[in-house]
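This report is for a reader meeting the structure for the first time.

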Amino acid sequence: MSLKAEALYRRDKHYLVKNGEVIIIDEFTGHLMQGRRYSGGLHQAIEAKEWLTDRTVEVQLESRTLAQITIQNYFRLYKKISGMTGTAQTSAEEFHKVYNLEVISIPPNKVMVRKAYPDAIYKTREAKYQATIEEIKKYHAQGRPILIGTPSTDQNEIFSNLLSRSGIPHEVLNAKNNEREGAIIAQAGKLKAVTVATNRAGRGVDIVLGGNPANPQEAERVINLGGLCIIGTERHEARRIDNQLRGRAGRQGDPGSSRFFLSLEDDLLRIFGGDKIKSLMEGFKLPDDIPIESGLVSNVVNQAQAKIEGFNFDIRRHLLDFDDVLNKQRSFIYGQRQKILIAIEKGDFQSLFKEITGKDLTDEEKTKLNHELETFLGQQILRIMDLLWMENLENLESLREAVSLRAYGQHEPIVEYRQESYRLFKGFQTNFQNLVSEITSQILANPVVITPSAPTQTAEPPRKIGRNDPCWCGSGKKYKKCHGK
């Protein structure tokens with residue numbers, strides 16, 4: 001995980017450090033994901049990496065997964081699903097295969113008159129930066145409002161510095177100053193307004209020409225100048241995100257324009273499409289500061305994006321295949337958990353005990369039951385189930401990583417996962433039944449007096465308990481690290 005944190009996760013792109021805390025940045029929206037942490041020790045590895053340069057960052061304890069579900073299976077819980085978005089067409093295949101939904105294009109309310117200029121592709125990133133700034137200067141001198149889209153917080157700050165050196169006043173919108181998002185967007189359509197934003201400004205944002213609140217005279221001047229100017233500083237991995245950025249201009253019949261500035265050193269082109277374009281540039285023998293502008297080049301970029309989208313879709317489908325296996329276990333556990341809650345509410349512990357263990361309480365044990373004791377036993381059983389389920393989720397996570405390596409041995413990972421996860425779940429059920437039997441017998445052998453005025457006493461540990469089983473005291477720790485220490 002340390003190597004992964006060092007090589008693959010970049011500050012101000014995948015996460016940022018704020019008040020000594022490592023906070024994940026949503027790569028699609030640019031919003032901060034407060035309270036979310038990477039699993040499997042990755043978040044701790046990133047914290048340790050950042051601690052080397054920032055001593056305010058603390059390596060926190062690893063969080064435990066209480067429950068998990070993929071977005072796809074979460075949506076499948078609804079009886080009916082539908083949606084509306086302006087950028088669904090590029091993901092039509094995924095909607096059909098995952099949700100069995102068809103994508104229908106609805107004509108716009110007003111004719112779209114936004115101009116989409118061809119991409120300008122340069123050999124180097126520095127040449128792209130210079131050309132982008134020159135384009136901004138040209139439109140800024142005309143008075144047109146400009147929205148500059150950047151793929152990450154670090155690129156956002158690079159362009160902010162370039163604009164400052166050029167003497168162009170501007171606003172910066174990224175994950176670091178999200179508290180001013182509303183105020184910045186409200187004035188992004190004013191005359192001469194320049195806004196540098198991450199993806200957060202590309203989704204569901206209405207930029208009112210002339211500013212907000214509306215100023216009819218200023219709005220008319222902006223419209224006569226050509227409306228909002230969109231400048232993209234890099235293509236994203238998904239065409240949908242580019243389309244969302246373009247869609248900030250030319251809304252409801254307003255004029256506008258969009259153009260993307262790229263370089264062969266951008267990640268997208270360098271990894272997926274740079275060789276074809278590079279051979280074209282070398283064939284034309286163009287200098288660094290002269291871009292290629294042609295439909296052929298744009299097609300190569302679109303093909304690169306389509307290739308990445310297909311790759312990412314395959315990853316999501318693969319993840320969904322694994323979650324479908326877990327979904328069967330999850331449905332069973334949540335159903336049984338609901339039965340436990342109902343049994344606690346109704347005071348029907350005897351039926352609950354028989355359903356879980358397949359055994360009846362002895363006559364002597366039945367005589368010792370009362371409402372308070374049944375409630376206490378039900379709560380203990382619920383706690384045992386939750387602890388064992390958390391451990392099962394961790395085991396399944398480790399298993400999923402392990403079976404991926406079995407592909408090298410000509411074994412199908414998903415088949416291996418189904419077999420091994422079934423074995424783990426049978427072990428989970430056996431452990432649960434045994435612990436319920438043990439703890440019930442132990443508590444009923446030494447009944448606890450529970451009254452509203454007296455604190456709840458904790459039962460003694462059962463006679464048999466595994467070192468890796470949840471501790472009987474309900475601390476959430478394994479027995480070997482708690483009372484078995």
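## Basis and overall make-up

Helices (H or I, at least four residues) and strands (E, at least two) are DSSP runs, numbered from the N terminus. By that rule the protein has 15 helices and ten strands. The model is a predicted one, in which local features need pLDDT of at least 70 and side-chain atom pairs count only at pLDDT 80 or more, while totals for chains, interfaces and linings use all residues. Residues are numbered from 1 along each chain as its sequence is written, and side-chain values use heavy atoms, with hydrogens and water left out.

The protein has 485 residues, and 44% of them count as buried. Buried means under 20% relative accessible area, exposed means over 50%, and partly exposed lies in between (1.4 Å probe, protein chains only). The accessible surface of the protein is about 26,600 Å², and carbon and sulfur atoms account for 51% of it. Such areas come from the Shrake-Rupley method with a 1.4 Å probe; for residues, only the protein chains shown count as cover. A contact means heavy atoms within 4.5 Å. Among contacts between residues at least 6 apart in sequence, 69% join residues at least 24 apart.

## Helices α5 and α6

Two packed helices are described by the angle between their axes and the distance between the axes. Axes are lines fitted to C-alpha atoms, for helices over the stretch in contact, and angles run from 0 to 180 degrees between N-to-C directions. Helix α5 (residues 125–142) packs against helix α6 (residues 153–165) at an angle of about 60 degrees, and their axes are 11 Å apart. That angle makes α5 oblique to α6. Angles under 35 degrees count as roughly parallel, over 145 as roughly antiparallel, 65 to 115 as roughly perpendicular and the rest as oblique.

The crossing of α5 and α6 is right-handed. A crossing is left-handed if the near helix is turned anticlockwise from the far one by less than a right angle, and right-handed if clockwise. On the α5 side the contact involves Tyr129, Thr132, Ile133 and Ile136, which meet Gln155, Ile158, Phe159, Leu162 and Leu163 of α6. The residues of this contact comprise seven nonpolar, two polar and no charged. Here Ala, Val, Leu, Ile, Met, Phe, Trp, Tyr, Cys and Pro count as nonpolar, Asp, Glu, Lys and Arg as charged, and the others, Gly among them, as polar.

Threonine 132 belongs to helix α5. Its relative accessibility is 0%, so threonine 132 counts as buried. Leaving aside residues up to four places away in sequence, threonine 132 touches Phe159, Ile231, Thr233 and Phe261.

## Helices α12 and α14

Helix α12 (residues 349–357) and helix α14 (residues 371–404) cross at roughly 30 degrees, and their axes come within 10 Å. α12 is therefore roughly parallel to α14. Their crossing is left-handed. Phe349, Gln350 and Ile356 of α12 make the contact with Glu374, Leu377, Gly378 and Ile381 of α14. The residues of this contact divide into four nonpolar, two polar and one charged.

Isoleucine 340, in helix α11 (residues 295–346), touches Gly378 and Ile381, and also Leu352, Leu382, Met385 and Phe432, not counting residues up to four places away in sequence. Isoleucine 340 counts as buried because its relative accessibility is 0%. Isoleucine 340 and isoleucine 356 are 16 residues apart along the chain, and their C-alpha atoms are separated by 9.7 Å.

## A residue in strand β10

Serine 257 is in strand β10 (residues 256–263) and, at 3% relative accessibility, counts as buried. Serine 257 and tyrosine 117 are 140 residues apart in sequence but 7.3 Å apart in space, C-alpha to C-alpha. Not counting residues up to four places away in sequence, serine 257 touches Arg114, Lys115, Tyr117, Arg144, Leu228, Cys229, Ile230 and Ala249.

## Backbone features in loops

The peptide bond from asparagine 212 to proline 213 is cis, with omega near 10 degrees. Proline 213 lies in the loop between β8 (194–197) and α8 (216–225).

Asparagine 19, in the loop between β1 (15–18) and β2 (21–25), is a residue other than glycine with a positive phi, near 55 degrees. At 77% relative accessibility, asparagine 19 counts as exposed. Lysine 192 is not a glycine either, and has a positive phi of about 65 degrees. The loop between α7 (181–186) and β8 holds lysine 192, which counts as partly exposed at 43% relative accessibility.
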